[in-house]
Amino acid sequence: MKRRGQRRTLEGVVVSDQMDKTVVVRVERLVKDPRYHKYVRRHSRFMAHDEQNDCGVGDRVRIIEHRAISKRKRWKVQAMVSKSSRVQDEVKGR
């Protein structure tokens with residue numbers, strides 16, 4: 001049982017940053033197949049609020065449950081875990 005004030009946090013990769021102050025985060029999880037007893041990779045996509053527009057495609061972020069911000073946004077970017085290597089290459093001039 002969740003205690004009051006304990007929000008869920010998830011970690012995933014940004015797959016879209018085309019909207020203003022919103023990113024789409026893909027969160028993967030492993031689920032054991034009941035028949036073959038193999039672990040299968042499943043994913044969900046969450047729309048998350050990004051106040052400073054810092055996140056880009058490929059960045060690894062941590063999102064946290066939040067009150068409803070719009071019709072489909074119920075998550076907020078809590079922290080950036082790691083920046084995409086594509087962006088780091090652009091900064092170095094490659």
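Helices and strands here are runs assigned by DSSP, at least four residues long for a helix and at least two for a strand, numbered from the N terminus. Keep that in mind as you look around this predicted model.

**Start with the whole chain.** Colour the protein chain by secondary structure. Trace them from the N terminus: the order is β-β-β-β-β-α.

**Show the surface.** The accessible surface of the protein chain is about 7400 Å². Carbon and sulfur atoms hold 45% of that area. Of the 94 residues, 24% are buried.

**Select the core.** Pick Val14, Val23, Val25, Val27, Phe46, Ala48, Cys55, Val61, Ile63, Trp75 and Val77. These eleven residues form the largest nonpolar core. Strand 2 (22–32), strand 3, strand 4 (60–65) and strand 5 each give at least two residues to this core. Which strand gives the largest share? Strand 2 does, with three residues. In soluble globular proteins, nonpolar side chains tend to be buried together.

**Zoom in on the rings.** The whole structure has one aromatic pair. Select Phe46 and Trp75: their rings are tilted, with 5.0 Å from centre to centre and 55° between the planes. Phe46 sits in strand 3 (residues 39–49) and Trp75 in strand 5 (residues 75–82), so this pair links parts of the chain 29 residues apart. Buried or exposed? Both Phe46 and Trp75 are buried.

**Move to Cys55.** Set aside its neighbours within four places in sequence. Cys55 then contacts Val14, Asp17, Val23, Asp50, Val61, Val77 and Met80.

**Step back out.** Consider contacts with a separation of 6 or more in the protein chain: 49% of them join residues 24 or more positions apart.

How values were computed:
Residues are numbered from 1 along each chain as its sequence is written. This is a predicted model: local features need pLDDT of at least 70, side-chain atom pairs count only at pLDDT 80 or more; totals for chains, interfaces and linings use all residues. Side-chain values use heavy atoms; hydrogens and water are left out. Buried means under 20% relative accessible area, exposed over 50%, partly exposed in between (1.4 Å probe, protein chains only). Contact means heavy atoms within 4.5 Å. Accessible areas come from the Shrake-Rupley method with a 1.4 Å probe; for residues, only the protein chains shown count as cover. Rings of Phe, Tyr and Trp (its six-membered ring) pair if their centres lie within 6.5 Å; planes under 30 degrees apart count as stacked, over 60 as edge-to-face and the rest as tilted. A nonpolar core is a set of buried Ala, Val, Leu, Ile, Met, Phe, Trp, Tyr and Cys residues joined through side-chain atoms within 4.5 Å.
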